[in-house]
Amino acid sequence: MKELSSSNQLSSHDATLKQSPFLVMSVKRFVLLYVVTMGFYVTVWFYLQWKQYRKATGVKVLPVLRAALGALMVFSLFRKIDNGLKASGLNYQWFPIARGVSITVLMLLLVMGAFVPVEYDYTLWVMALNYICAGIVVF
């Protein structure tokens, strides 16, 4: 009887995931793609999230624009994800505001780092910020 109830729980969890307006992926996969693409995957991830949200809800959003403005749109995305978690009954404490602020600050620092004069070699700092950003997304 226990096996039956656990399979029913699994089925309801799978149904919740299929109805989710957001892309669900493992943290390991996200971090691997983030590291392999040297941080570019965050932009792709933003695009995929907004595209899935538009498809699931019918709300007219421009995924490309929202992905390009990821550092600014992260709060809107995280608020929608958090509201979706609460509506589905899943209790997951993930601190969306703290993550949004951290991601925004680090992304802005990385962009500003692109304008550092060539005579200064900040490659290690940029790489460190990149990996810190990956860690913030994971925590």
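Trainee: How do the residues of the lining of the second largest pocket divide into nonpolar, polar and charged?

Mentor: Keep in mind that this is a predicted model. The second largest pocket is lined by 14 residues. By class, the lining has no charged residues, three polar and eleven nonpolar.

Trainee: Which helix gives the most to the lining of the second largest pocket?

Mentor: Three helices each supply at least two residues of this lining: α3 (41-57), α6 (96-113) and α7 (123-138). Gly39, Thr43, Met107, Leu110 and Val111 lie nearest the pocket's centre. The top contributor gives four residues, and that helix is α6.

Trainee: How much space lies in the second largest pocket?

Mentor: Its lining includes residues from α3, α6 and α7. The space in this second largest pocket comes to about 260 Å³.

Trainee: Are α2 and α3 parallel or oblique to each other?

Mentor: Two packed helices are described by the angle between their axes and the distance between the axes. Helix α2 (residues 27-36) packs with α3 at about 130°, and their axes are 8 Å apart. The two helices are therefore oblique.

Trainee: Which residues in α3 do Phe30, Leu33 and Tyr34 in α2 meet?

Mentor: By class, the contact of α2 with α3 has six nonpolar residues, no polar and no charged. On the α2 side stand Phe30, Leu33 and Tyr34. Their partners in α3 are Tyr41, Val42 and Trp45.

Trainee: Which residue forms a salt bridge with Lys86?

Mentor: Side chains of opposite charge can pair when their charged atoms come close. The structure holds one salt bridge. Its closest N and O atoms are 3.3 Å apart. The partner of Lys86 is Asp82.

Trainee: By about how many helical turns are Lys86 and Asp82 separated?

Mentor: Both residues belong to helix α5 (residues 70-88). They are four residues apart there, so the separation is about one helical turn.

Methods:
Residues are numbered from 1 along each chain as its sequence is written. This is a predicted model: local features need pLDDT of at least 70, side-chain atom pairs count only at pLDDT 80 or more; totals for chains, interfaces and linings use all residues. Side-chain values use heavy atoms; hydrogens and water are left out. On a 1 Å grid over the protein atoms alone, a cavity is a set of points where a 1.4 Å probe fits but cannot get out, and a pocket is an open set with protein on both sides within 12 Å along at least five of seven lines; lining residues have an atom within 4 Å of a point. Grid points are joined across faces, edges and corners, and a volume is the space filled by probe spheres set on the points. Ala, Val, Leu, Ile, Met, Phe, Trp, Tyr, Cys and Pro count as nonpolar, Asp, Glu, Lys and Arg as charged, and the others, Gly among them, as polar. Axes are lines fitted to C-alpha atoms, for helices over the stretch in contact, and angles run from 0 to 180 degrees between N-to-C directions. Angles under 35 degrees count as roughly parallel, over 145 as roughly antiparallel, 65 to 115 as roughly perpendicular and the rest as oblique. Contact means heavy atoms within 4.5 Å. A salt bridge is a side-chain nitrogen of Lys or Arg within 4 Å of a carboxyl oxygen of Asp or Glu.
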